[in-house]
Structures are given as C-alpha cells and as structure tokens.
Amino acid sequence: MNFGIEGKWALVCGASKGLGFGCAQALVREGVHVLIVARGAAGLQAAASKLIADSARPASASVQFVAADITTVEGRSAVFAVRKDFDIVVTNAGGPPPGDFRDWDRDAWIKAVDANMLTPIELIKATVDGMAARGFGRIVNITSSSVKAPIEVLGLSNGARSGLTGFVAGVARSKLAAQGVTLNNLLPGVFDTDRIKTMLQTSSQKTGQSVEALAEARRKTIPAQRFGTSEEFGAICAFLCSVQAGYMTGQNVLADGGAYPGTY
C-alpha cells in the first residue's frame, strides 16, 4: 500500500534505538524525509547511518539528525533551528524509572511530567498550526499500554502519560481535525527493547531469578507468546501517519500482543 506521504518531513524523537528508531525506519522506507533526535550523539549518528544504508529507503528520502535532549527548552530550540516545519511529529521520551510511589518526591514527579507530558505538548504546540495551514499533519505520541492498564511500579509513567492522553483527547477534536491534522497515541506493550531488558535486570537483582526465566514468564502472560519488535511497531506508526489514516484522530492504539484483557 502506498501511504501517500513520500516527500513529507518528519521529526522523530528518541530515535537512536528501540521504538523511536523503528518509527523512523518505517517512515524513511515510505520516502519520508526524517530528522531524528536523541541525546547520545554517537548512537544517534550510528542510527542515521543505518537509516541511510537501508536498502528499502528510496534515494529521495533524506536523513538528518540532531543530538539534543528534546525534554529541554535548549534541546527543542536546537531541533527547530535546523528545521521549523514538519508534516509528521513522533513524540517519544524515555519512561520514568519504576519504583514505590512513597519514594518519589516532587522533583521526581515534575521530571516525569516534564518529559512525558509537557514535552510532547510543547512539540505539538510548535508544529500543528503550520500543519493546519498546509492542510496535512500527523502527530503520533508514543505513550504506554499502562495508560489503559496501569502498572503499579510505573506510577510516574501512569500519571504523566495519562495526563498527555487527556490533553490529546481534547486537542484532537478541535478545529485541527477539519484542517487535515490528526493526533493519536500509540501504546506499546512489551517490546524487545532496552527498556524491558533494564526492567528484567532490575527484577532479577531483586528476586534472584535469572533474566531468561523472568523474560520467559513475561512472554507467557502475552497471548502472542512473544515480545513485539521495533520494526512492526514502526509499521503501525507509519500507517497512523498515512493519508489512509486521515479519519483516525484522538485514538489510543494499543500494540501489546493481546495482553490487555478488556473488551474496550
């Protein structure tokens, strides 16, 4: 299927690896020009080189990168100094650490909200009016399945990402919807990324069980009996950015291998 987005410009955050990279890769393969952002310069440059070398990338699709912390004013300024207008924005920032809510002080909460709620809002605010003026725009926020099924130890993430979800629900149904701009959230379950590896290692240290045993036990809780891949996550993102998805806005798209037990 031709997604109709060849030649568009996309900003993809947290794109040096994992789900962000999967989204950038899928968009590049559709002929989209991408500007990828992450904090680590070396990893980001390696990711850009991998995208450029991708045999499925049309030669017309360019790849740029900016090493910056997108959760800061300075980081966002660095990105918009390279390019101001984007047709597609994929927001993504590392999730807050797990823990017991009794141990989190105000600073921990502010940091979580700033990274996982306020930063996406700032990126949306900076780009949607230009999208509307051009008659096409796609915002995809990478959030978490915990928005639908909260995870006790991920309270910081549950709270911050739920705040973003509520904000998007309103803005997506504003006049932007009639101007060709959609805003959707993409909710990953367990994917084979550094995030799950870190969580498994932390659990292993606490329980004394091996990482392999914990990973296998986690897989068995998923109807698909496996973890997701960044490539298939990116494909979902690319579809949400397509012209075919123009009638989808304000939605929370869950990709979790069937783990969420609810009907709705």
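**Basis.** I worked from a predicted model, in which local features need pLDDT of at least 70, side-chain atom pairs count only at pLDDT 80 or more, and totals for chains, interfaces and linings use all residues. Residues are numbered from 1 along each chain as its sequence is written, and side-chain values use heavy atoms, with hydrogens and water left out.

**Sheet.** I took strands (E, at least two residues) and helices (H or I, at least four) as DSSP runs, numbered from the N terminus. Two strands pair if DSSP finds at least two bridges between them. I recorded that β1 (residues 9–13) and β4 (residues 88–91) pair in the parallel sense over 3 bridges. The open sheet has 7 strands in the order β3-β2-β1-β4-β5-β6-β7, with parallel pairing. β3 (63–67) and β7 (252–255) each have a single partner strand, so one side of each lacks a neighbour in the sheet.

**Thr193.** I located Thr193 in the loop between β6 (181–188) and α6 (194–207). Thr193 is buried, at 13% relative accessible area; buried means under 20%, exposed over 50%, and partly exposed in between, with a 1.4 Å probe and protein chains only. Leaving aside neighbours within four places in sequence, Thr193 is in contact (heavy atoms within 4.5 Å) with Gly18, Leu19 and Ser230.
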